[in-house]
Amino acid sequence: MFAGFSDPFETLLTLQRALDARIASDWMGRGTGAIGSFPPINMFQKGDDYVAIIELPGIDKNDLEIEAKENTIRICGKKTVAYGEQASVHRRERISGVFDRTLSVPIRIEPDRIMAEYRDGLLALFIPRAEADKPRSIKIS
Amino acid sequence: MSDSQELQVQQKREVEKKTEGTTSGRVFLPVTDIFETPEALTVVLEMPGVDRDSIEASVDNDVVTIEGRIDFTKYEGMQPLYTEYNVGHYARSFQISNKIDQTKISALMKDGVVTIVLPKAEQAKPRKIQVS
């Protein structure tokens with residue numbers, strides 16, 4: 001966890017270190033048998049809820065499909081890279097093809113209330129935690 | 001390339017610095033395609049998380065430099081639980097030849113992908129030679 005944003009020059013490095021510290025952590029357990037598969041996912045907690053941020057640059061929104069059921073979310077689609085006719089390619093690093101990835105989160109969520117946003121090549125999924133799953137404070141009498 | 005090919009994750013490469021930076025934080029090399037048509041050379045770079053206003057492209061001494069800055073304040077208050085990639089600014093530069101008309105270079109940003117078109121100078125465009 002990275003706490004303060006007091007020093008703007010250290011913030012990015014602090015964030016990068018925090019991300020490194022959770023690389024392929026066991027939070028999702030064996031639910032994501034697909035570690036290393038496309039697209040790469042970062043999972044965050046924000047308050048009670050969860051946010052998944054997925055790197056998917058250059059995708060047509062119509063080529064992207066997201067399904068959710070119980071605690072499973074499926075992201076599939078295709079990515080195309082076009083060079084146009086008459087083009088000779090000097091360097092080819094971008095990849096194209098189909099992807100299909102399913103992740104299971106180890107908590108109860110509300111699949112009907114998941115919100116998705118695609119902006120600047122990042123897909124963000126806002127995943128609300130189920131009310132029944134939230135911790136309750138217990139009053140001491 | 002066939003459409004049914006399954007996509008693999010590409011590991012991000014870090015920029016190898018020739019000089020030391022004064023700000024901390026890692027900078028990554030954007031994944032890049034370069035292709036050529038009779039009219040222009042096109043450079044396509046993937047910079048997920050960078051918006052249109054955070055791109056800087058410059059030409060200096062026949063070197064094109066493209067820099068993209070991510071807005072990491074969006075990550076404020078978010079606690080990472082499980083991560084598969086790291087985030088950071090992007091930077092990459094390319095040497096271009098004098099065959100490029102440097103005054104007509106244009107750039108376009110869409111869905112985290114920057115397309116830079118480097119039009120060829122008139123004298124560098126291919127000409128058909130009439131056979132008599």
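Guide: Of the 141 residues of chain A, 26% count as buried; the criterion is 20 or more other C-beta atoms within 10 Å of the residue's own, with 12 or fewer making a residue exposed, values in between making it partly exposed, and C-beta atoms placed from the backbone. This is a predicted model, in which local features need pLDDT of at least 70 and side-chain atom pairs count only at pLDDT 80 or more, while totals for chains, interfaces and linings use all residues. Residues are numbered from 1 along each chain as its sequence is written, chains are lettered from A and ligands numbered from 1 in the order in which they are written.

Chain A has one helix and eight strands, and from the N terminus on its elements run α-β-β-β-β-β-β-β-β. Helices (H or I, at least four residues) and strands (E, at least two) are DSSP runs, numbered from the N terminus. Among the contacts in chain A with a separation of 6 or more, 52% are between residues 24 or more positions apart; a contact requires C-beta atoms, placed from the backbone, within 7 Å.

Now the pairing within chain A. S1(A) and S2(A) run antiparallel and are joined by six bridges; two strands pair if DSSP finds at least two bridges between them. Ile41(A) stands opposite Ile54(A) in S2(A). The two strands form a hairpin with two residues between them, and Gly47(A) in the turn has a positive phi of about 65°.

An open sheet of three strands in chain A has the order S3-S4-S6, with antiparallel pairing. Its edge strands are S3 (64-69) and S6 of chain A, each pairing on one side only. From one strand to the next the twist averages 10°; axes are lines fitted to C-alpha atoms, for helices over the stretch in contact, and angles run from 0 to 180 degrees between N-to-C directions. S3(A) and S4(A) are joined by six bridges, and the bridge partner of Glu65(A) in S4(A) is Cys76(A).

Five strands are arranged in the order S5(A)-S3(B)-S4(B)-S10(B)-S9(B), with antiparallel pairing. S5 of chain A and S9 of chain B stand at the edges with a single partner strand each, so one side of each is left without a neighbour in the sheet. Here the twist averages 15° from one strand to the next.

Going through the chain B strands of this sheet, S3 (residues 31-36) pairs with S4(B) in the antiparallel sense over six bridges, and Ile34(B) has Val43(B) as its bridge partner in S4(B). S4 (residues 40-46) of chain B and S10 (residues 113-119) of chain B pair over seven bridges, again antiparallel. One of the partners is Pro119(B) in S10(B), which faces Ala40(B). S9 (residues 106-110) of chain B is joined to S10(B) by five bridges, with Lys110(B) bridged to Val113(B). Two residues lie between S9(B) and S10(B) in their hairpin, where Asp111(B) takes a positive phi near 50°.

A further pairing crosses between the chains. S1(A) and S7 (residues 79-82) of chain B pair in the antiparallel sense over three bridges. Phe44(A) stands opposite Pro80(B) in S7(B), and the bridge partner of Met43(A) in S7(B) is Tyr82(B).

Overall, 55 residues of chain A are in contact with 45 residues of chain B. On the side of chain A that touches chain B, H1(A) gives the most, with ten residues. Other elements that give two or more residues there include S1 (41-46), S2 (49-55) and S5 (88-92) of chain A. By class, this side of chain A has 28 nonpolar, 15 polar and twelve charged residues; Ala, Val, Leu, Ile, Met, Phe, Trp, Tyr, Cys and Pro count as nonpolar, Asp, Glu, Lys and Arg as charged, and the others, Gly among them, as polar.

Two loop residues of chain A remain. Most residues other than glycine have a negative phi. Gln86(A), in the loop between S4 and S5 of chain A, has a positive phi of about 70°. Gln86(A) counts as exposed because it has 10 C-beta neighbours inside 10 Å. Asp120(A), in the loop between S7 (115-119) and S8 (122-127) of chain A, has a positive phi of about 50°. Asp120(A) has 20 C-beta neighbours inside 10 Å and therefore counts as buried.

Key:
Two residues are in contact if their C-beta atoms, placed from the backbone, lie within 7 Å.
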